Amino acid sequence: NYPIKNWFHISLLSNYIFANAGAVVMLFGTLFFLASHFLWFSESSILWATGIFIILAFSSATYSMAFARMNYQIMGWMWLPSILFFIENDQLILSSFALVGAAFAGITPIILITPFVLILSYFKLDLLIACSLIPSYIVILSQVFGFLSFKDFIKTLKDIASLIGARSNNVRYKRKGRKLNWTLFYFLSIYLLSLFLISYSAGEFLVLPALAILTFVINQVFIRIADIQSVIIVVISIFVFEAIQLNPNILSAISVFIVCNPVISVLGINRSSNSKGLLDQITYKPFDHSHLEQKLEEFLINVPENNKVYFAFNDPGDSYDQLFDGYRSLHELPLLVAAKKNIHMLPDWWAVGETNYKGAPQCWGRSLDEVSANCSYWDTIYSVVYIDDESELGSDWLSMFQVLATFDWNEVDSQLLNDVLHSKSKARLKWLLLKKI
């Protein structure tokens, strides 16, 4: 009975559309994002604008957004090029409408766009540019306080701050992975090189691209405001925005090319289970997951409605990055199937949010004693454990639990799933549905 209204930062409209047409949304949103750059054809050299557009359209980042890494947030980010164009050309009413469109899609785009709008307002000495943000914030506030009291809003804000790493006091799951790593160094190197090239070609240090890079660093190191693909799209948009306004020159084109084309390994779209190098790209195609859903319905058929199922994962300790043992993608579908059958499967992300404080009830553990204790604590006789596909439960387990069903991921067509749901770096999974004797 977790009150979903507490997660006001997630747009119900965007999630509803994405849940029913995810692949279409990603592709359409990316195409809308690209098409928005045609607005510059009336303000810039057509040949130059076309060249920048081609670099962007056929880049690794755009491919990633359209087919692999982006999510419902694309419905907000697709407005960003239009927003920047309208502000730069003093069409503030249109920029306000575009900002409102982004606000209906989600809060994150508006939060990340705001600093750039304020900087443009300062540079152009036009307070009305900053004021163009007001309608979008009215939309956001109406979504928040239309469901939450101020007291609930503050509590939820603290919970969200704990989850994204902005708050550490009395927090159970800490984001420890936001530190210096290969991915950060790689992006910083290509972004700073691109900043140097485009600033050199402009004849001055460009503040907006520098601010975009700073936003990327803050998000990746200090406070995770958004997924990495969202901050990547911010950086790309700002660099294209600056480059397309410059006189045609090779350095600006190279700068945009570098920013738009990270190697696919850092974008997470190379073949992880059979890697042939950085350029071994997966061809992502939409696939029908209904057979998977049907198999999971059969897997849970012996669990009656209004029951709970404890899904056993290792205790992540105080590390957010260890939640669900790295199997979050696989865990989403059984959560959906269970919810449709009016079965409460835990832990889920609601449980993570509710237990994100020191001394919270335990909802983790894969050992026999831990599974048995959690079943007792959460008042259920059903649990799911995962094992290696070549392993079997020991006699000590079978003395306490009856195996009701098995779901073997080896039976899933890896070509259909593009090898993205699991890899050889992890044991091939088999799920067992157990009933306590």
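Contact is taken here to mean heavy atoms within 4.5 Å. In the protein chain, residues 24 or more positions apart account for 76% of the contacts with a separation of 6 or more. The structure is a predicted model, in which local features need pLDDT of at least 70 and side-chain atom pairs count only at pLDDT 80 or more, whereas totals for chains, interfaces and linings use all residues. Residues are numbered from 1 along each chain as its sequence is written, and side-chain values use heavy atoms, with hydrogens and water left out.

The protein chain has 20 helices and five strands, both being DSSP runs numbered from the N terminus (helices: H or I, at least four residues; strands: E, at least two). Of the 437 residues in the protein chain, 51% are buried; buried means under 20% relative accessible area, with a 1.4 Å probe and protein chains only.

A nonpolar core is a set of buried Ala, Val, Leu, Ile, Met, Phe, Trp, Tyr and Cys residues joined through side-chain atoms within 4.5 Å. The largest such core has 86 residues, and Trp77, Phe187, Tyr191, Phe216, Ile233 and Ile236 have the most contacts inside it. Helix H13 (residues 228-243) gives the most to this core, with eleven residues. Apart from neighbours within four places in sequence, Ile236 is in contact with Leu56, Ala61, Val259 and Cys260. A second, separate core of 38 residues includes Leu292, Leu296, Ile343 and Trp364.

Two packed helices are described by the angle between their axes and the distance between the axes. Axes are lines fitted to C-alpha atoms, for helices over the stretch in contact, and angles run from 0 to 180 degrees between N-to-C directions. Helix H11 (residues 182-202) and helix H14 (residues 250-260) pack at about 160°, with their axes 8 Å apart. H11 and H14 are therefore roughly antiparallel, a term for angles over 145 degrees, while those under 35 count as roughly parallel. The crossing of H11 past H14 is left-handed; a crossing is left-handed if the near helix is turned anticlockwise from the far one by less than a right angle, and right-handed if clockwise. H11 contributes Ile190, Tyr191, Leu193, Ser194, Leu197, Ile198, Tyr200 and Ser201 to the contact, and H14 contributes Leu251, Ser252, Ile254, Ser255, Ile258 and Val259. Ten of these residues are nonpolar, four polar and none charged, where Ala, Val, Leu, Ile, Met, Phe, Trp, Tyr, Cys and Pro count as nonpolar, Asp, Glu, Lys and Arg as charged, and the others, Gly among them, as polar.

Helix H7 (residues 107-123) packs with two further helices. The axes of H7 and helix H12 (residues 207-222) come within 11 Å and cross at roughly 155°; H7 and H12 are therefore roughly antiparallel. Their crossing is right-handed. On H7 the contact is made by Leu112, Pro115, Phe116, Ile119, Leu120 and Phe123, and on H12 by Val207, Leu208, Leu211, Ala212 and Thr215. The contact of H7 with H12 comprises ten nonpolar residues, one polar and no charged.

The axes of H7 and helix H5 (residues 80-88) come within 11 Å and cross at roughly 10°, and H5 and H7 are therefore roughly parallel. The crossing is right-handed. Leu80, Ile83, Leu84, Ile87 and Glu88 in H5 meet Ile113, Val117 and Leu120 in H7, a set divided into seven nonpolar, no polar and one charged.

Ser95 lies in helix H6 (residues 92-105) and is buried, with a relative accessible area of 0%. Apart from neighbours within four places in sequence, Ser95 is in contact with Ile83, Phe86, Ile87 and Ser132.

Technical notes
Angles under 35 degrees count as roughly parallel, over 145 as roughly antiparallel, 65 to 115 as roughly perpendicular and the rest as oblique. Buried means under 20% relative accessible area, exposed over 50%, partly exposed in between (1.4 Å probe, protein chains only).
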